[in-house]
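Subject: Structure handover

Hi,

Here is the structure for you to look over. My notes come after it.

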Amino acid sequence: MEAASVPAGRPAAPGQAVRDAVSKYGLIVILLILPVYYAFSDIVSEDENLSRFGNNLVDGLSNGAIWALVAIGYTLVYGIVELINFAHGEVFMIGSFTTASFFGFIGLTQDTSVTLLFFGLLLTLFVAMAASGTLNVMIERVAYRPLRNAPKLAPLITAVGMSFILQNVGLLWLGGSPEGIPDLIRSQQELINIGGVSITRGDVLSIAVTIPLLLVMTAFIARSRLGKAMRATAQDPEAARLMGINVDTTISLTFLLGGILAGSAGLIYALYQTTIWYFQGFTAGLVAFTAAVMGGIGNLKGAVLGGFIIGFIQQLSDNRIDPAWTNAIVFVYLILIMVFKPSGLLGEQTRDAG
Amino acid sequence: MSTAADTPAPPAGQPKRRIPTLNEMPWWVEKVVVPVVFLFGAALLPFLFDSGSGFIGTCVLALAYTVMALGLNIIVGFAGLLDLGYVAFFAIGAYTMGWLGSGFFSQVNNEEGWHIFVSGFAASLPGIHVNFLLVLVVAIIFTTIAGMFIGLPTLRLRGDYIAIVTLAFGEIIGRSAVNGDEIRLAAIPIIGGPLENAFGAEQTITAGRQGISPVDKVDLPLVEAFTSLELRPWYWVGLALLAISLFVNFRLRDSRLGRAWVALREDEVAAVSMGVPAVKTKLLAYGTGAAFGGMAGAFLGSFNNTVNADQFQFFFSILILGMVILGGLGSIWGAVLGGIALTFINFELLPRLNTVPSKVGLDFDLSEINFGIYGFLLVIMMIMRPQGLLPERRRKMELTEDADVHDETLYTARV
């Protein structure tokens, strides 16, 4: 645009066109290179169809839904207090643990009838959400609120401290090794098969819980009075306070929402993977934080987009390359995206992106 | 003022005698006498303990970790670039030691090995064996380059985006260390052929979780060979590294470069418009900070006698960052104190605490909640001293001053 407004007669610097093209399309090329490569290799392989690729996509999306839910918690908290809440992954882990223990408590098994199972799961979902939400609010009260006026990095260390404490709670709760839980919904059972792409019960559950939650959450933040207070506090806490917004309550509310989403993600994870252990929160936290940053930290849609992208990359890498390299590949993607879009994919709308 | 500076102590017989403060003494008292006394005292410390005792082992670790904390303090404390991937430099330093000081490349030179300035036992082993001091230099060069390379993609980023990119690099290097035992040098494109001739067809990049072990001991001229049983010499080498790091840190902090770091940290736009070259200054912060990690990493590789991929986890970055923040961001003595405190909590206090319940007759296994206690201590210490144990003078000023410190608080955005 600017080059067009320059008076004629000044030729563009050599290579400028190339540079423009790289900065414009580089990101798209990078994002698409793995999927397109594998889609193409599927077509030319002996199967000659995209069913394997489609399965990767479906699995990637259902895993990505979990990351998206956790990532929103990071992004909400970051947007309002500018803190990387390292304990958030552990809140997610506690959600999974509550789910597993509550199943045992109300006696859900694979033989429970469908209606009972449905209401049992719904009840468990609420319990897991309540547990994680309360926990997240408590963490804020104990570990972050006393440090509101401290140097910016001090709460980072209390966050790490809280995450250690919660991991220890998980360790005492279910022991140090991964624990199998009953596969209540038979998550790997195929429900529909569209042209070789199988959609399992787990996939349906993951999407059926995530999408409504995301819609409710976006509507809440965009429409409700409390949501408005949250956005105002995120924009300028001082001004929000002057306008009569109770900043402390608003921050607590933000942590509550983040915790609720993490709790629901914990339930999906427990039902989908059917194995849980105390260390799952650490990995999930790292991945979800990456997703939040990839999408542009502080941006809700960005966190969801980042979650889905990472879920998909992970699935491609697990299935086609080598699970041992999956994390490294995700992080390579992150760095490349950061090089081309320093404020994340949808990062313009955040206040830190400056 | 000048008379006070000329007379270190009031002459005897003067009616009111008082001990002058450090500022009133001649410059050489603060700059020469005090450090020498401290160093001498620290050097004598191991004589109070048995040379093979675990306590001295912890002290050696504390010294090495403190060197790393000083390095990270340059990146995070001075320059204000939040680095969550410091473990990468530990890994690179340690692998430099592992590659250049062990039997790992067993096929080189027809299984006879290359030996450069090594004496004693190691001189007759296959593999590459380079003198420890040379390895230190190579490790510093490698990590400086790596630090600058990692810094490059972060130059356009702000705030916590830097954190995640450095974290990503740390994780990539960690994963590469774990999976490196599957990558054969001969399989590398283009240069694979010559590498295969030099190192053999089966040579891998790292030894993964199994670890490169044993690693050559520190080998200094004119000194007897180091062993794993006599820990005092290790302690003195660690202390020497720390002394060098401290000297470099103090000189850097007050230099033109050090002031440029602080200026960038405080306000990047203002600093750049005053002529501070942002790119060069930031890259130098990454490079210098990384060099200390490489130096300590190489030393630890030799001291631990193994270079094992499991050592290079994200938690290590957090441990070192915790030392810097707990000590007081940007404060050199703070980093030292934080380094010593966290090392001793982890390796001395917590193991000792485990024996308490059985001593008072309770049947309770405290080792199960060590992790939680450590987390609890972190939270408590941070809440009691948010500004750190020994806050930097400049930050202390900012914190007590009410006006215009908004970018230091949790709430407010940097615009």
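Below are the conventions, then the findings.

This is a predicted model: local features need pLDDT of at least 70, side-chain atom pairs need 80 or more, and totals for chains, interfaces and linings use all residues. Residues count from 1 along each chain as its sequence is written, while chains are lettered from A and ligands numbered from 1 in the order written.

Confidence first. Helices here are DSSP runs of H or I, at least four residues, numbered from the N terminus. In chain A, helix 1 (residues 2-5) has the lowest mean, 44, and helix 10 (residues 247-273) the highest, 94. Residues 1-9 of chain A fall below 50, with one contact beyond near neighbours in sequence. A contact means C-beta atoms, placed from the backbone, within 7 Å. Residues 349-354 of chain A are also below 50, but that stretch has 24 such contacts.

Now the interface. Chain A gives 46 residues to the contact and chain B gives 43. On the chain A side, helix 6 (154-174), helix 11 (280-295) and helix 13 (326-340) each supply at least two residues. Helix 6 of chain A has the largest share, 14 residues. By class, this side of chain A has 33 nonpolar (Ala, Val, Leu, Ile, Met, Phe, Trp, Tyr, Cys and Pro), five charged (Asp, Glu, Lys and Arg) and eight polar residues (the others, Gly among them).

Best wishes

Notes:
pLDDT = per-residue confidence, 0-100. Contact = placed C-beta atoms within 7 Å.
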